[in-house]
Amino acid sequence: MIVNKKCVKVFFCYIVLFFFSASLFSQQSDARKELEQKVIANGALFKQNLDEANKEIDDLLQQSIKLKDSVLELRILDRKCRYFYAKRDVEKLGVTAEQLKKRSEEYNNIQMQGMAHIYLAETYSINQLYDQSITELETALKVLEKGDDKDIRVFFTKVNALNGFANVYNYTGQPEKAVEKLLEVVESYDKLPDPEDVKRYQYINYSNLANTYILFDPEKAKYYALKSNALKPKGAPDDNIMMTNYFVLGLVCKEEKKTEEALDFFLKSYELSKVNGEVLNLEELYLNLTEVYKKMGDSSQTAFFEGKLKEIRLSTLESKYNSLQKILDKDKETENIKEKKIPLWLFYSVGALILLVFGAWIYLFRKKQKTKEIFVTDYEELIEMIRKDDPGFMFAFEKLYPNFSEKLLQIDPSLTKSEIEFCALLKLNLSTKKIAELKFIEIRTVQNKKYRIRKKLNIPQTTDLYNWFSFV
């Protein structure tokens, strides 16, 4: 038999290529499995120590891109988003969420597209752009409708979207509506077939409920915090969920005048924050630790936590400012403003309303003009004292508005000194944004304080808060 040498060479090349390809595929498969194990281990570390886990993430991301593994790449990008969300780094959260959105669209991954929109919604919420936040959440739900209803990942992402709506309601001072959404989340988990899965996720959901109920119903907050504690996996170390539960229980004890118990819970929450790197609720935690230590007469610890409080406020404000600049720049580039025709009846209605408001304003302006002329200098001095955190502020304020504290204490004798000082800011007609700027606190913190004051002083939701204080 005559053998064609050329054919033998070609056949030999195919054999070599086959074994080389098989070997390469085997190596890639091994590398993929190794990377997957690293990502799983990083996920476990992420639950215990955010900062240590984050040190590995960029390297893992590069490895996933090199192996062209879209599943792991998106999983790692999602983890980066969760890290920046937990650290309240709004600027980096927005950038990474955009990256996740782009890559998930390229890979046609429905679930991760939904998560990207949820993260973007959070960046808008923190920057008080609530309409844009709602739009992103609605987009997330629309995208997820294209996914498989039986896909557990799609299910969880829909749940995250509901949590996103709850966050918006919390930011806008509507915790009751937030609770409604969170209860929807709780009920949805009962559909899961595995009871252990239900326990694991309700552990988180009950904690979220406790953190929202604390704004208006301490008893229910305590109930859900303890319910969450009972579902904590046995043998597992305390995590960020327990950090939230301890914080909530501390607030409940503080409300009940159990100062030492409150301090114990607050310190447990603080110790966990140092271990896992979580900063959610950290500003309010520092504020409460400062107040408790001040009440106990411990000037050293009071000064320590006052310093920590200023640090986190400055860090948060800087991040929010940079993030907002990016959002505004993005809107300038992408937004096309369309002219809308205004119905004639609406035009006349708005015109009439403007005239009515203007007339009322002129009347009030003339009535109060003399008072304003007298107090303008004192008013400016009070604003400057607030800016400098001058301890003599309330003394100067009471000279301008005699018996203010006394009138409030007649309505609710349990009002604290800090709550009365906050009421003074409302009396001075300072906006939410202005109070946040002067006191170096977040907008949401101001809104929460307003909500609590409204509850304590029994001011109806239909009554304008500033108008109410103008008569005190």
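Guide: The part to look at is helix α10, whose buried residues pack against α8 (175-189), α9 (195-213) and α11 (240-255). Packing here rests on contacts, meaning heavy atoms within 4.5 Å, and buried means under 20% relative accessible area, with exposed over 50% and partly exposed in between (1.4 Å probe, protein chains only). The model is a predicted one, in which local features need pLDDT of at least 70 and side-chain atom pairs count only at pLDDT 80 or more, while totals for chains, interfaces and linings use all residues. Residues are numbered from 1 along each chain as its sequence is written, and side-chain values use heavy atoms, with hydrogens and water left out.

Helix α10 covers residues 218-230, which is 13 residues. From its first C-alpha to its last it reaches 18 Å, close to the expected 18 Å (1.5 Å times one less than the number of residues). The buried residues in α10 are Ala221, Tyr224, Ala225 and Ser228. They lie on the same side of α10 because they cover an arc of only 105° around the axis (taken from the directions from the helix axis to the C-beta atoms). The face turned away from that buried side carries Glu219 and Ala230, which are exposed.

Tyr224 also belongs to an aromatic cluster, together with Tyr206, Tyr213, Phe216, Tyr223 and Tyr451. Rings of Phe, Tyr and Trp (its six-membered ring) pair if their centres lie within 6.5 Å; planes under 30 degrees apart count as stacked, over 60 as edge-to-face and the rest as tilted. By this rule the count comes to 20 aromatic pairs. One of them joins Tyr83 and Phe84, edge-to-face at 5.5 Å centre to centre, with 70° between the planes. Both of these residues are buried.

Arg82 is found in helix α3 (residues 70-86). This residue is partly exposed, with a relative accessible area of 34%. Beyond four places in sequence, Arg82 touches Phe46 and Tyr119. Ser125, in helix α5 (residues 110-126), counts as buried at 1% relative accessibility. Leaving aside neighbours within four places in sequence, Ser125 is in contact with Tyr130, Ser133, Val168 and Tyr171.

Now the confidence. pLDDT is the predictor's confidence in each residue, from 0 to 100. In the chain, confidence is highest in α10, at 94, and lowest in helix α15 (residues 344-387), at a mean of 55. The mean over the chain is 80, and 81% of its residues reach 70 or more. Over residues 1-25 pLDDT stays under 50, and the model has one contact there beyond four places in sequence. Residues 335-342 also stay under 50, again with one such contact. Where pLDDT is low, the predicted coordinates should not be read in detail.

As for the chain as a whole, it has 21 helices and zero strands (DSSP runs numbered from the N terminus: H or I of at least four residues for helices, E of at least two for strands). Of its 472 residues, 42% count as buried. Among contacts with a separation of 6 or more, 61% join residues 24 or more positions apart.
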